[in-house]
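The following exercises concern a single protein chain. Each task is followed by a solution in steps.

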Amino acid sequence: RRKSSRLQGVAASGIYVESELAAGKVVVAGGLYTPNDSEEESKFFNDRINDGSDLTVSEAVELCGSKWSKEGTVEAAEQFMKQSLSDITKTFSSTSSRKGSPDSVRSVPGKSITSKTLQSNLNALSLESDTCVAKVTPERIYSVACHPNPNHIIACAGDKRGHVGIWNVDQYGAEAKQEDESSSDGVHLFKPFNGAVSSMTWNQSGTSLLAASYDGSVRSFDVEKQAFKEVFATYSDDDVYKDKLGYNLHGGYRSWLQSLELDHRFGSECFFLSTSEGSVMHVDLRSKRKVTFDQTLSERKINSMSLHPNGYTMATAGLSTVVQLWDIRSMSDSKSKKPKPLAWQNVGKSINSAFFSPSGKRLLTTTMMDHLDILEDAHLASGLIKTPKTRIKHDNRTGRWLSTFMARWHPASFSGEEIFVSGSMKKPRTIEVFGGNGSLLREIRGIALTAVASRCC
């Protein structure tokens, strides 16, 4: 939104009205304010936060500005990140295995739960208390991610100005004992980017949080090293950037990183990136550190990518109005060899997202045709997919001032009882929970929910 120069912290120009003349004319005096060398900010490639150097927790907090970084804020954030979050990560042992046979659906481990118990748990959810909500970022949220530890709720959000907010929902750790004015209600704000945080995800072990930004950079917060480290960034073809991993991958001011997907075969050391220009690249951060491939899969922006549990089937969707499924094993760094999709579904209008369920059995798409589509066994399909297994009529027209809906599978979903969550344009404001078969299980409302929940899970 628009802000005055005063609110932005910009110094006054120094010009003032010296006298007024007839016919509405005035005489001005003074001069334009010229900052000295020490006050001038360094400009980095694509207006990034710095030259790619690591950001400590305190530095990331202070970059938020004086409005958000007050007395005690840095200390509280350092305490949470170093003690509470580290404890949560250490006590978390991941038992899930994302590997599956090429043409099978993964059986998601976890305690068995009946439909009756699931419905009972959903019915117990409430949004009637102010403690259910918190202001996590200053600006509109573009991406969300939750820590994989099922025993503690750590919710993360990235906004349009490059802020990353981390909310310790359970108030786990020492900060829960704080009752003075410096208490942050469990919310800690950082600014590792200068562009919108388009995508975020935790690795399986919960030891690092990866985030991609419109400024063309990817940073990882390492819980052990307590730093926001730039692991990848796109650069122009200028020779000064020749030794950078993302050399000659920056497409200009119309190009940005739209989504990030972990390559779960290799932990957090490999990941996929999609761009506003319709390309998908695979970044390998292991010993050789290289971009395995950079392929144009669409003529227009790719909003989302999703890797099937089998490790090689990927779904892409975006402004091209087509959901496409690819075999990433056929992709190489050769630009001349253009890959062909295994299967596709024509939607008719742009597609906000397409995500495989945790089991891989279903593919959920959110479209601007005002539908939520569920495709079954899409990873086994070939050619044109004419109709989805289930189609849900859903108002997805959020308008220009709200982030688009992206219906997401609940991360704790399991085979047989998978559920997904979506925001809603209904009034009073609502969060909708659906079963894997498309049945509406619960509409969550409450006096604490005062805005449209565009991004969930």
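**Exercise 1.** Is Glu 78 buried, partly exposed or exposed, and why?

*Solution.* The model is a predicted one, in which local features require pLDDT of at least 70 and side-chain atom pairs count only at pLDDT 80 or more, while totals for chains, interfaces and linings use all residues. Residues are numbered from 1 along each chain as its sequence is written, and side-chain values use heavy atoms, with hydrogens and water left out.

Step 1. Recall the classes: buried means under 20% relative accessible area, exposed over 50%, and partly exposed in between (1.4 Å probe, protein chains only).
Step 2. Glu 78 counts as partly exposed because its relative accessibility is 34%.
Step 3. Locate the residue: Glu 78 belongs to helix α3. Helices (H or I, at least four residues) and strands (E, at least two) are DSSP runs, numbered from the N terminus.

**Exercise 2.** Which residues gather in a patch of negative charge on the surface?

*Solution.* 
Step 1. A patch consists of residues with over 30% relative accessible area and no salt bridge; like charges are joined within 9 Å, and nonpolar side chains (Val, Leu, Ile, Met, Phe, Trp, Tyr) within 5 Å. A salt bridge is a side-chain nitrogen of Lys or Arg within 4 Å of a carboxyl oxygen of Asp or Glu.
Step 2. The negative patch brings together Glu 59, Glu 62, Glu 71, Glu 75 and Glu 78.
Step 3. Two or more of these residues come from each of α2 (57-62) and α3 (73-91).

**Exercise 3.** Which residues make the nonpolar surface patch?

*Solution.* 
Step 1. Ile 15, Val 17, Val 26 and Val 28 make this patch of about 340 Å².
Step 2. Strands β1 (15-20) and β2 (26-30) each give two or more residues to the nonpolar patch.
Step 3. Val 26, in strand β2, counts as partly exposed because its relative accessibility is 44%.

Conventions
Accessible areas come from the Shrake-Rupley method with a 1.4 Å probe; for residues, only the protein chains shown count as cover. Lys and Arg count as positive and Asp and Glu as negative; His and the chain ends are not counted. The place of a charge is taken as NZ of Lys, CZ of Arg, CG of Asp or CD of Glu.
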